[in-house]
Amino acid sequence: MNPEKPNIGVALAKWLILGIAGIGFLSAALVCYFLRYYTWVLAAVFVGCFLVITAWKRLWLLRASVKALQEGRGEITIFYRDGNWKESQQPVIPVGGDSLFFYGFSRERNDTHPFPWNRIRRASDKGKDITKDDLLSRTKK
């Protein structure tokens with residue numbers, strides 16, 4: 001595989017399938033409504049909305065990842081603690097961020113990876129430490 005042009009087709013298919021499943025749950029909610037199974041309507045609507053919103057956000061991040069790759073943005077290294085409080089590092093291309101997560105595109109996974117802000121210990125670009133504001137400014141280029 002060419003490292004310059006990663007294949008994001010697998011990630012795209014994964015998130016499209018998730019979005020289609022969400023639309024399926026919303027359709028099931030509509031069918032349950034007409035069949036008067038009202039308990040299932042609420043459950044199907046919640047699951048459907050969750051899946052559609054999640055898939056939409058991840059597809060939007062993949063689109064931003066493709067744009068970042070085409071612009072030739074460089075990788076940075078994120079040093080963070082995972083769920084088991086194990087220190088690790090991962091090289092990513094900055095893609096986006098919100099108040100809870102920083103999103104980076106990982107060439108190894110060919111998918112976006114969310115990093116909780118409270119678990120990021122530091123970020124490094126070619127040996128030089130960068131701050132949270134620097135990370136966010138790199139996503140807006």
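## Salt bridges and overall build of a predicted chain

K132 is partly exposed, with a relative accessible area of 44% (buried means under 20% relative accessible area, exposed over 50%, and partly exposed in between, with a 1.4 Å probe and protein chains only). This is a predicted model, in which local features need pLDDT of at least 70 and side-chain atom pairs count only at pLDDT 80 or more, while totals for chains, interfaces and linings use all residues. Residues are numbered from 1 along each chain as its sequence is written, and side-chain values use heavy atoms, with hydrogens and water left out.

**Around K132**

- You will find K132 in helix α3.
- Between the C-alpha atoms of K132 and R81 there are 16 Å, and these residues are 51 residues apart along the chain.

**Fold and overall form**

- Three helices and six strands make up the secondary structure of the chain (both are DSSP runs numbered from the N terminus, helices being H or I with at least four residues and strands E with at least two).
- Following the sequence, the order of these elements is α-α-β-β-β-β-β-β-α.
- The chain is more spread out than a compact globule, because its radius of gyration is 18 Å, well over the 14 Å that the globule rule gives for 141 residues (the radius is taken over C-alpha atoms, and the rule is 2.2 Å times the number of residues to the power 0.38).
- Taken along the principal axes, the box filled by the C-alpha atoms is roughly 60 × 35 × 25 Å.

**Burial, contacts and surface**

- Of the 141 residues in the chain, 35% count as buried.
- Among contacts in the chain with a separation of 6 or more, 52% come from residues 24 or more positions apart (contact means heavy atoms within 4.5 Å).
- About 9200 Å² of the chain is accessible surface, and carbon and sulfur atoms hold 62% of that (areas come from the Shrake-Rupley method with a 1.4 Å probe, and for residues only the protein chains shown count as cover).

**Charges**

- The chain has 21 positive and 12 negative charges, whose mean positions are 6 Å apart (Lys and Arg count as positive and Asp and Glu as negative, with His and the chain ends not counted; each charge is placed at NZ of Lys, CZ of Arg, CG of Asp or CD of Glu).
- Side chains of opposite charge can pair when their charged atoms come close.

**Salt bridges**

- Eight salt bridges turn up in a search of the whole structure (a salt bridge is a side-chain nitrogen of Lys or Arg within 4 Å of a carboxyl oxygen of Asp or Glu).
- One of them pairs D111 with R58, with the closest N and O atoms 4.0 Å apart.
- D111 sits in strand β4 (residues 111–116) and R58 in helix α2 (residues 38–71), so this pair ties together parts that are 53 residues apart in sequence.
- D111 is buried at 6% relative accessible area, and R58 is buried at 13%.
- E87 and R81 form another salt bridge, where the closest N and O atoms are 2.7 Å apart.
- E87 counts as partly exposed at 44% relative accessibility, and R81 counts as partly exposed at 28%.
- R138 and D125 also meet through their side chains in a salt bridge, at 2.7 Å from N to O.
- R138 belongs to helix α3 (residues 132–139) and D125 to strand β5 (residues 120–125), so the pair ties together parts that are 13 residues apart in sequence.
- R138 counts as partly exposed at 22% relative accessibility, whereas D125 counts as buried at 16%.
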